[in-house]
Amino acid sequence: MYDIAIIGAGVVGCAIARELSKYHLKILLLEKSDDVSNGASKANSGIIHGGYAAKHGTLKGKLCVEGNKLYEKLNDELNFGYKKTGALVLGFDENDEKNIQKLYENGLKNGVNDMKIIYTDEILSLEPNINGNAKIALLAEDVGITSPYEFTIALAENAIKNGVELKLENEVLDISESTDHFYIKTSKDSYKAKYIINAAGVYSDKIAYMVGILNFYIKPRKGQYILFHKGYGKIVNRVIFQTPTEKGKGILVTPTYHGNLLIGPNADENTDKDDTGTDIETLKYIIKTARKSVPEIDLRKVLTSFSGIRPTPSTGDFIIEETKERFINVAGIESPGLTSSPAIAKMVINILKNSGLKLLKKNDFDPYRPPIIIKKNLSYKEVNNMLNIDSPDQIICRCEMVSKKEIIDALTREIPIKTVDAVKRRTRASMGFCQGEFCTQRIKKIMAEVLKINEGKIEKNDKKSGFLPKKVNLKFFKELEI
């Protein structure tokens, strides 16, 4: 019997698991895919928002500000990669100016202090590549960037280190209730738990329906992105937003934590919760709109396109409550969910306390998780010389300078991994210019050696998760630039 079963190992579920691992509890973390962070947590902007956008008085507004303040300490403990960059919200006309003033006032209500309104000359002095037609901007200094899947992985590894049991490839099929616990039937097994925390993302409504909770539903909303070469993120110094609309924060231009450039997302109502493909017309719209902010975006530097599904709630706000006795919904966690996740975890702790669960803190909780990625400053010649050496320092991925030692480290940590993409998310191997053409077989060889499995059985990604998304060919971007 588990004290608590958490359904969903995205950033929210893993943040809750890690927070709960500070207490003497038996905790189960269930995930239907073959790795953590395989849903919305894998495919988003990676922005740690400042807290000025979410409406005052909402959980989104409150938890975004609280979560933002926790990232620096979390990164010190978990080494996932976080950088405070600041952000600009650009305005081009009088209507934008009115909305930016509203954002500023809303931010003050939410407790955001490190922001100010600036105008064209100062905008261009801070960001020389910005469109000179930008008349006004909100400068928010507390905005940051992170690698969302690395953050989720770090949370999960540390939670497991502190006693949480992770069960992958366990899709929840049914939940039934007894007097003082739940029976959870999955695609692999069955479990008992006194409490359930529903953090199933885009499927959180489906999980809630299993216990008769019908007071909300999740609308899948797809956002598409374009990712550019590493190093090209230097075209901007900060996260560049446009004035938001009712559909979201609009098309942004941002450096990623690892130095790529990222533009997107759009916001399309989607009926398919698993459709993460990209299409030409949407990407054209994203490019055109992003160039309103930064006109000289070079499409010859595109690496790939991708999309993610946001779990938009019918209620218009995060749903975080003990909706039914011992059943806690943590649902509809769309943007700013990544930013809010550490604060959401703390809120869930308080809900459990108020529900009557006895929480006794551990004396031996270990908050530290060492990094996997080792920063290197190697020349092209040095990388080439290290491609075939018989050493743990052998370079396996030349684009991202990933060593054999880093891949072995990823393979021997707390979370069992099976696919090349799982190695990629932990080490960045195959994320570079060649997109894995050089290193995929080299990665598979190491996986076969370390995991003692047949190299031919190692898949690139989780085939069980459904169809592979359709992606726009890179040739499209080259033709567009011509």
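Visitor: Hi! Which residues in H1 are buried?
Guide: Val 11, Val 12, Gly 13, Cys 14, Ala 15, Ile 16, Ala 17, Arg 18, Glu 19 and Leu 20 are the buried ones in H1. Keep in mind that this is a predicted model.

Visitor: Cysteines next. How many disulfides are in the whole structure?
Guide: A search of the whole structure turns up 0 disulfides. Take Cys 14, which is in no disulfide: the nearest cysteine sulfur belongs to Cys 64 and is 20 Å away.

Visitor: And why does Cys 14 count as buried?
Guide: Because its relative accessible area is 0%, and buried means under 20%.

Visitor: Is Cys 434 buried or exposed?
Guide: Buried, with a relative accessible area of 18%. The cut-off for buried is under 20%.

Visitor: Changing topic: what's the strand order in the open sheet of 3 strands?
Guide: The order is E3-E8-E4, and the pairing is antiparallel. Strand E3 (47–48) and strand E4 (82–84) are the edge strands, each pairing on one side only.

Visitor: Over how many bridges do E3 and E8 pair?
Guide: Over 2 bridges, in the antiparallel sense, with E8 covering residues 144–146. Across that pairing, Ile 47 stands opposite Ile 145 in E8.

Visitor: Now the surface. Which residues form the nonpolar patch?
Guide: Tyr 209, Leu 214 and Tyr 217 do, and together they have about 340 Å² of accessible area.

Visitor: Where does Leu 214 sit?
Guide: In the loop between helix H7 (204–209) and strand E13 (218–228). Leu 214 is exposed, because its relative accessible area is 65% and exposed means over 50%.

Visitor: Which backbone nitrogen lies 3.1 Å from a polar atom of the Thr 419 side chain?
Guide: The one of Ala 422.

Terms used. Residues numbered from 1 in each chain as written. Predicted model: local features only at pLDDT ≥ 70, side-chain atom pairs only at ≥ 80, totals over all residues. Heavy atoms only, no water. Patch = residues over 30% accessible without salt bridge, like charges linked within 9 Å, V, L, I, M, F, W, Y side chains within 5 Å. Areas by Shrake-Rupley, 256 points an atom, 1.4 Å probe, with all protein chains shown as cover. Salt bridge = Lys/Arg side-chain N within 4 Å of Asp/Glu carboxyl O. Helix = DSSP H or I, 4+ residues; strand = E, 2+ residues; numbered from the N terminus. Buried < 20%, exposed > 50% of the residue type's maximum accessible area, 1.4 Å probe, protein only. Pairing = 2+ DSSP bridges. Disulfide = S-S within 2.5 Å. Polar contact = N/O pair within 3.5 Å; in protein donor to acceptor, adjacent residues only side chain to side chain.
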